[in-house]
Amino acid sequence: MSSHVASPPARRRPTKKDPSWLMLNYGIARWNDSAVADAKTVAESSTSTGQLLRVSLGLAAPPASSFFYYDWPGSATAGDEDSVTHGYVVAAHGDAVLLNVDHKLGGSSNFTDDSFVYKTSAAEPPSLSLLPYPAGKLQLDSRNTGLLRRGEDELLVVKLFLELGYRTDTATMWMHRLGSHEWEKKQVPIIVAEEVPREGLDSCTTVPVGDRFMCWVDYHSGLVVCDMAEESLKLRYVDLPMIPEDDFGCRPNNRDTWDMCAVGDSAVRFVSIDPRCCCGHSPSTSASPNSDELFVVTTWTLALTMEKPMVWVKENKLDCEELWALPGYEGLPRTLVEFPVLSSADPDVVCFIVREDGEDWKVEVDTRNKVVLSTAHWTDVPKEA
């Protein structure tokens with residue numbers, strides 16, 4: 001399961017149908033019979049092969065997921081058995097979403113991989129812009145590609161290559177400014193203030209912060225930060241909090257128990273779900289035999305800077321027994337919560353998935369005030385548009 005946090009199309013005040021933030025599902029679904037998920041969210045663009053692509057956004061308030069839908073209007077072969085379309089959300093920032101559509105329509109023997117930026121605004125209808133191919137036709141994926149809105153008029157698509165399994169002092173960055181026809185390639189130095197884990201650096205996801213910072217997060221080591229407003233770009237590495245090494249000197253990579261999001265214009269929030277002993281001791285890498293489902297949720301904040309030392313500050317702590325006793329949690333399983341997603345509207349709010357006997361629920365919790373805000377049955381299958 002994967003979700004991206006984004007702002008919804010600009011409208012007046014948030015409502016259940018029009019929330020202040022969205023959880024975008026990773027996948028893009030096919031419209032049924034050319035139906036539109038929401039007419040106000042429709043946008044169209046031609047692909048690199050000249051085919052017209054139409055997308056729409058089905059809005060849902062968290063903890064439910066919002067879905068993008070696609071269609072090929074005017075195509076007589078899009079519904080053929082040999083026509084294939086794979087679409088997914090790569091990244092999001094504010095009112096902009098980066099989509100990737102890999103398609104092979106009837107009559108074609110090859111797949112075409114296209115990337116688009118979907119944008120909304122209060123003053124104009126939504127738009128869908130086809131990106132030019134990077135040199136070498138680099139694939140844009142959610143692990144190392146992010147969006148960064150630089151003010152009202154500039155939007156950057158940034159892809160960073162970190163050498164998996166190697167300790168290096170530089171990284172290769174590809175950058176595209178929406179509206180231009182080219183990609184820029186740069187070698188960017190990595191400034192390491194702490195010892196990099198022996199596994200080296202990789203990237204699991206990207207987090208845009210404000211209008212200048214971009215973060216690439218490696219959930220088994222740390223994150224690298226770049227101030228995209230600087231003339232001479234550089235990357236700073238920062239370790240993640242409370243991730244002890246195992247007996248072999250390696251760190252876990254529990255992507256299903258961690259998440260990170262932006263806080264304001266120059267900070268990030270990190271959430272971790274960790275096992276705890278039945279006696280209530282602090283989180284550890286191995287729980288006791290009687291505490292398989294006991295856990296604690298902890299959040300930290302990191303103020304971003306390219307010059308001064310960066311230090312994680314612990315914010316909130318929620319024990320599983322506190323969660324299970326909260327009003328609104330009645331009837332839900334007392335099992336381990338997973339796949340946390342931090343709210344971009346309020347970083348104290350976290351959405352979790354809880355499972356039991358083949359049933360899944362999403363739970364939205366204010367971890368500071370310790371309040372269950374909402375619950376819903378969860379599915380990663382969109383409703384028919």
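I start with a term: a residue is buried when its relative accessible area is under 20%, exposed when it is over 50%, and partly exposed in between (1.4 Å probe, protein chains only). Cys-215 is buried, because its relative accessible area is 0%.

**Ground rules.** I am reading a predicted model, where local features need pLDDT of at least 70, side-chain atom pairs count only at pLDDT 80 or more, and totals for chains, interfaces and linings use all residues. Residues are numbered from 1 along each chain as its sequence is written, and side-chain values use heavy atoms, with hydrogens and water left out.

**The whole chain.** Helices (H or I, at least four residues) and strands (E, at least two) are DSSP runs, numbered from the N terminus. The chain has 385 residues, and 53% of them count as buried. Next I checked contacts, meaning heavy atoms within 4.5 Å. Among contacts between residues at least 6 apart in sequence, 52% join residues at least 24 apart. The chain exposes about 17700 Å², and carbon and sulfur atoms supply 47% of that area. Accessible areas here come from the Shrake-Rupley method with a 1.4 Å probe; for residues, only the protein chains shown count as cover.

**Cysteines.** How many disulfides does a search of the whole structure find? It finds zero. A disulfide would be a pair of cysteine sulfur atoms within 2.5 Å.

**His-93.** I found His-93 in strand S6, residues 84-93. Is it buried or exposed? His-93 counts as buried, because its relative accessibility is 15%. Leaving out residues up to four places away in sequence, His-93 touches Leu-147, Leu-148, Arg-149, Pro-208 and Gly-210. A polar atom of the His-93 side chain lies 3.4 Å from the backbone oxygen of Gly-210.

**Asp-71.** This residue is in strand S5, residues 66-71. Asp-71 is buried, because its relative accessible area is 2%. I compared Asp-71 with Arg-54: they are 17 residues apart in sequence, and their C-alpha atoms are 5.2 Å apart in space.

**Cores.** A nonpolar core is a set of buried Ala, Val, Leu, Ile, Met, Phe, Trp, Tyr and Cys residues joined through side-chain atoms within 4.5 Å. Which members of the largest core touch the most other members? They are Phe-295, Leu-323 and Tyr-329, out of 22 residues. Helix H1 (320-325) supplies at least two residues of this core, and so does each of several strands, including S19 (267-275) and S20 (295-303). Apart from this core lies another, of 21 residues, among them Phe-213, Val-225, Trp-258 and Trp-300.

The peptide bond from Pro-62 to Pro-63 is cis, with omega near 15°. Pro-63 sits in the loop between strand S4 (52-58) and S5. Phe-339 is not a glycine, yet has a positive phi of about 50°. I found Phe-339 in strand S22, and its relative accessibility of 19% makes it count as buried. Lys-370 is not a glycine either, and has a positive phi of about 55°. Lys-370 lies in the loop between S24 and strand S25 (371-377). At 29% relative accessibility, Lys-370 counts as partly exposed.

Technical notes. Polar contact = N/O pair within 3.5 Å; in protein donor to acceptor, adjacent residues only side chain to side chain.
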